[in-house]
Amino acid sequence: MNSYYVNAVIDGDTFNVTPNWAYRGQSGSRVRLRGVNAAELGHRGGLAAKRRLSAMVLRKRVTLRNIQRINWDRLVCDVYVGASKVRI
């Protein structure tokens, strides 16, 4: 897939990109890290998880690979910054 710019981090495992991704006839801006289930905001560890993901991807170019599915209007996939896979 092409590279995308991360313009917002939603929580510890979800963020928005621009331009929108397109996959199997659907498109959107929201991306979720495959295999990651971070604590939700408002729960213990949720804010720390969001801060950690923000430090890794916010205002950076990412590449989306190994798409698993679209879930809740989010593309679930592996995310790379340069050659490094984003791991929480």
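1. Let's start with valine 31. Setting aside neighbours within four places in sequence, valine 31 is in contact with Asp13, Thr14, Phe15, Val17, Trp21, Leu64, Leu75, Cys77 and Val79 (contact means heavy atoms within 4.5 Å). A word on the basis: this is a predicted model, in which local features need pLDDT of at least 70 and side-chain atom pairs count only at pLDDT 80 or more, while totals for chains, interfaces and linings use all residues. Residues are numbered from 1 along each chain as its sequence is written, and side-chain values use heavy atoms, with hydrogens and water left out.

2. Val31 also belongs to the largest nonpolar core, which has 18 residues; those with the most contacts inside it are Phe15, Val17, Val31, Val57, Val62, Leu64 and Val79. Such a core is a set of buried Ala, Val, Leu, Ile, Met, Phe, Trp, Tyr and Cys residues joined through side-chain atoms within 4.5 Å. Buried means under 20% relative accessible area, exposed over 50%, and partly exposed in between (1.4 Å probe, protein chains only). Two or more core residues come from each of β1 (3-9), β2 (14-23), β3 (26-33), α1 (46-57), β4 (61-71) and β5 (74-81). The largest share, 4 residues, is from β2. Helices (H or I, at least four residues) and strands (E, at least two) are DSSP runs, numbered from the N terminus.

3. On to the charges: the structure holds 3 salt bridges, each being a side-chain nitrogen of Lys or Arg within 4 Å of a carboxyl oxygen of Asp or Glu. One of them joins aspartate 13 and arginine 32 (3.4 Å, N to O). Aspartate 13 lies in the loop between β1 and β2 and arginine 32 in strand β3, so this pair ties together parts that are 19 residues apart in sequence. Both aspartate 13 and arginine 32 are buried.

4. The closest N and O atoms are 3.0 Å apart for aspartate 78 with arginine 34, and 3.5 Å apart for aspartate 78 with lysine 85. Aspartate 78 lies in strand β5 and arginine 34 in the loop between β3 and α1, so that pair ties together parts that are 44 residues apart in sequence. Aspartate 78 is buried, with a relative accessible area of 2%, whereas arginine 34 is partly exposed at 34% and lysine 85 partly exposed at 29%.

5. Finally, the rings. The charged end of arginine 65 sits over the ring of tyrosine 80, 4.2 Å from its centre (this needs NZ of Lys or CZ of Arg within 6 Å of the ring centre and within 35 degrees of the ring normal).
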